[in-house]
Amino acid sequence: KSEHEALKVPLGALSPKNLGFKLTKLSMKTAGRLSDGIRLGLETGFDSGSTLDYVYRNRPHGITPLGTFSDKVYLESIGWRGIRVRKQNLEATFLDVLSRLRAAGRPFRLLDVAAGHGRYVLEALGPRLAEGDRISLRDFSPLNVEGGGKLIASLGLTGKATFEKGDAFDAASLASADPRPTVGVVSGLYELFPENESVRRSLGGLAKAIEEGGYLVYTNQPWHPQLELIARTLTSHRDGRAWVMRRRTQEEMDDLVAEAGFRKLDERIDEWGIFSVSLAKRA
């Protein structure tokens, strides 16, 4: 929390660190626009669903060969490599939950409260859905809802998956999900919000929504080697403000989940220790 507050404080105007970050920002806004990924980040936010979908696809492209090379360097940054491993860990966790519910003879009904475009859910589970299974995706951004709807159609999942606008911090809206999910998902969201009260509200709504004995899949970011670089140079989808992430220790995140009424079962994490994916069961 203190780290997050410190990253929001401007650096001295003439400090070498500040001048270096300003030079980085200038290069991204000029030559960086040759890279499709950097240009997309500048337009929609580097933490937007559109950017994450581009990172997941991992196909470097740009204007001129220099732009394509810049895009490749951008996509190979440690953070984006970690994001792609997080996608793999999410997919493995989804298959674990699917197996658990199948073994118990229970339906698979998934609710993702902040899905971006939902690629990490749809590609992993789309081919494995059985009769009666359901995927419900939500996001607060109309751009993500539109992009996710197109992805559902392109994957041939119309009728099996839906996408609608929703607020992941509206506890009443989450609690009233119908039909009640047997799996709740919240990925890549809570590190964008510094106060634990909003996280508690979101987890409380999910706890009321998920059936007893159902599961929660949640992510966390206990560490990031480029935290200050991101905070000083990249913009968020939230009104173009600085993208200042709020790290939580794994213990802090797990305590919030336990407080909401879930019992942790498993955890996966990348080799660098940046992004964790955890599975918990509704008590």
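A: The model is a predicted one. In it, helix α10 (residues 196–209) lies across β4 (183–186), β5 (215–220), β6 and β7 (276–282), and α10 runs at about 115° to β6. Helix α12 (residues 250–259) also packs on the sheet, where α12 touches β5, β6 and β7. The direction of α12 makes about 155° with that of β5.

Q: What is the order of the strands in the open sheet, and what is the pairing called?
A: Seven strands form the sheet in the order β3-β2-β1-β4-β5-β7-β6, and the pairing is mixed. Strands of a sheet can pair either parallel or antiparallel, through backbone hydrogen bonds. Both senses occur here: β1 (residues 109–112) and β2 (residues 134–139) pair in the parallel sense over four bridges, whereas β6 and β7 pair in the antiparallel sense over seven bridges.

Q: Why do β3 and β6 stand at the edges?
A: β3 (161–165) and β6 (262–269) each have a single partner strand, so one side of each is left without a neighbour in the sheet. Between neighbouring strands of this sheet, the turn is 20° on average, direction ignored.

Q: How do you know that β1 and β2 pair, and which residue stands opposite Leu110?
A: Two strands count as paired if at least two bridges are found between them. Leu110 stands opposite Ile135 in β2.

Q: How do you know that β2 and β3 pair, and what lies on the path of the chain from one to the other?
A: Five bridges join β2 and β3 in the parallel sense, and Asp139 stands opposite Lys165 in β3. The chain crosses from β2 through helix α8 (residues 142–154) to β3, and this β-α-β crossover is right-handed.

Q: What makes up the hairpin of β6 and β7?
A: The hairpin has six residues between its two strands. In the turn, Gly273 has a positive phi of about 75°. The bridge partner of Ile269 is Ser276 in β7.

Q: Why is α3 called roughly antiparallel to α4?
A: Helix α3 (residues 36–44) and helix α4 (residues 49–57) pack at an angle of about 165°, with their axes 9 Å apart. Angles over 145 degrees count as roughly antiparallel, and α3 is therefore roughly antiparallel to α4. Their crossing is left-handed.

Q: Which residues form the contact of α3 with α4?
A: Asp36, Gly37, Leu40, Gly41 and Thr44 in α3 meet Ser50, Thr51 and Tyr54 in α4. By class, this contact has two nonpolar, five polar and one charged residues.

Q: Why is α4 called roughly perpendicular to α6?
A: The axes of α4 and helix α6 (residues 78–103) come within 9 Å and cross at roughly 80°. The range for roughly perpendicular is 65 to 115 degrees, and α4 is therefore roughly perpendicular to α6. The contact is made by Thr51, Leu52, Val55 and Tyr56 of α4 together with Trp80, Ile83, Arg84, Arg86 and Lys87 of α6. These residues divide into five nonpolar, one polar and three charged.

Note on methods. Residues are numbered from 1 along each chain as its sequence is written. This is a predicted model: local features need pLDDT of at least 70, side-chain atom pairs count only at pLDDT 80 or more; totals for chains, interfaces and linings use all residues. Side-chain values use heavy atoms; hydrogens and water are left out. Axes are lines fitted to C-alpha atoms, for helices over the stretch in contact, and angles run from 0 to 180 degrees between N-to-C directions. Angles under 35 degrees count as roughly parallel, over 145 as roughly antiparallel, 65 to 115 as roughly perpendicular and the rest as oblique. A crossing is left-handed if the near helix is turned anticlockwise from the far one by less than a right angle, and right-handed if clockwise. Contact means heavy atoms within 4.5 Å. Ala, Val, Leu, Ile, Met, Phe, Trp, Tyr, Cys and Pro count as nonpolar, Asp, Glu, Lys and Arg as charged, and the others, Gly among them, as polar. A crossover is right-handed if, with the strands pointing away from the viewer, the path from the first strand over the helix to the second runs clockwise.
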